[in-house]
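I opened a new notebook page for this model.

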Amino acid sequence: MMTRRLLQLFIGLAMYGISLAMFIRAGLGLDPWDVFHQGVAGRAGLSIGVVVIIVSFLVLLLWIPLRQWPGFGTLCNAVLVGVFADIGLALIPAFSHLVGQIGMLAGAVVLNGIASACYIGARFGPGARDGLMTGLARRTGWSVRVSRTLIEVVVLGVGWLLGGSVGVGTVVYALAIGPLVQLLLPRFMVPAKLPAEEATGKPGNHGQAAVERSVEEPLARNA
């Protein structure tokens with residue numbers, strides 16, 4: 001089980017970084033956080049992968065007043081997504097015709113959904129940005145939806161002012177990624193063990209309920 005979880009985590013994070021590169025090469029707009037990353041990268045003269053890594057660790061500093069602690073997957077996410085985004089940009093060509101751009105955008109959305117389900121389902125902790133949303137919701141009493149919307153509106157606006165790419169891809173991502181992750185997550189979720197299972201190594205009477213709860217918890221981050 002641990003081998004599966006680690007493979008799923010690392011493959012998911014690699015795919016997430018590649019999907020970011022695909023969004024950029026499609027040239028039709030990015031998701032809110034990556035609009036911000038792209039805007040900062042353009043102004044700072046850094047690669048977007050480096051900016052993703054720097055912003056990830058800065059966001060983790062905001063976890064401190066929220067009394068939230070990163071998991072192993074959180075730290076891997078902070079580093080590997082940026083690394084693979086730069087690798088993807090080095091390997092994937094840009095498209096100058098609309099058909100290619102649309103195909104690249106569609107592939108990016110699907111790959112991002114699979115990647116999200118993989119790394120969330122591995123149960124090694126949320127990414128820095130997801131954890132900020134859930135931590136803010138827990139500390140303020142706001143819903144995850146309100147916390148997420150507030151944060152993403154702010155980073156989208158700042159990123160756009162800095163020159164990040166906003167377009168149809170931004171809207172497609174916002175509408176598609178939640179339902180896509182919800183559809184895929186049950187297929188990748190590693191179920192948590194119940195206390196009785198941990199003691200005996202055998203499924204307890206409520207094993208199915210535990211699996212259902214393990215699926216529902218990460219979905220809150222996409223609500």
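I started with helix H6 (residues 128-140) and helix H7 (residues 144-161), which pack at an angle of about 125°. Their axes lie 8 Å apart. This is a predicted model, so I read every value as computed from it. I noted the crossing of H6 and H7 as right-handed. From H6, the contact takes in Leu132, Met133, Leu136 and Ala137. H7 brings Val144, Ser147, Arg148, Ile151 and Glu152. I sorted the residues of this H6 and H7 contact into six nonpolar, one polar and two charged.

Next I turned to helix H3 (residues 48-62) and helix H4 (residues 72-91). How do their axes cross? They cross at roughly 165° and come within 7 Å. That angle is over 145°, so H3 counts as roughly antiparallel to H4. The crossing of H3 and H4 is right-handed. On the H3 side I listed Ile48, Gly49, Val50, Val52, Ile53, Ser56, Phe57 and Leu60. On the H4 side, the contact residues include Thr74, Leu75, Ala78, Val79 and Asp86. The contact of H3 with H4 divides into twelve nonpolar residues, four polar and one charged.

Is cysteine 76 buried or exposed? Its relative accessibility is 11%, so cysteine 76 counts as buried. Cysteine 118 is buried too, with a relative accessible area of 5%. I then looked for disulfides, taking sulfur atoms within 2.5 Å as the cut-off. The count came to zero.

Methods. Residues are numbered from 1 along each chain as its sequence is written. This is a predicted model: local features need pLDDT of at least 70, side-chain atom pairs count only at pLDDT 80 or more; totals for chains, interfaces and linings use all residues. Side-chain values use heavy atoms; hydrogens and water are left out. Buried means under 20% relative accessible area, exposed over 50%, partly exposed in between (1.4 Å probe, protein chains only). Axes are lines fitted to C-alpha atoms, for helices over the stretch in contact, and angles run from 0 to 180 degrees between N-to-C directions. Helices (H or I, at least four residues) and strands (E, at least two) are DSSP runs, numbered from the N terminus. Angles under 35 degrees count as roughly parallel, over 145 as roughly antiparallel, 65 to 115 as roughly perpendicular and the rest as oblique. A crossing is left-handed if the near helix is turned anticlockwise from the far one by less than a right angle, and right-handed if clockwise. Contact means heavy atoms within 4.5 Å. Ala, Val, Leu, Ile, Met, Phe, Trp, Tyr, Cys and Pro count as nonpolar, Asp, Glu, Lys and Arg as charged, and the others, Gly among them, as polar.
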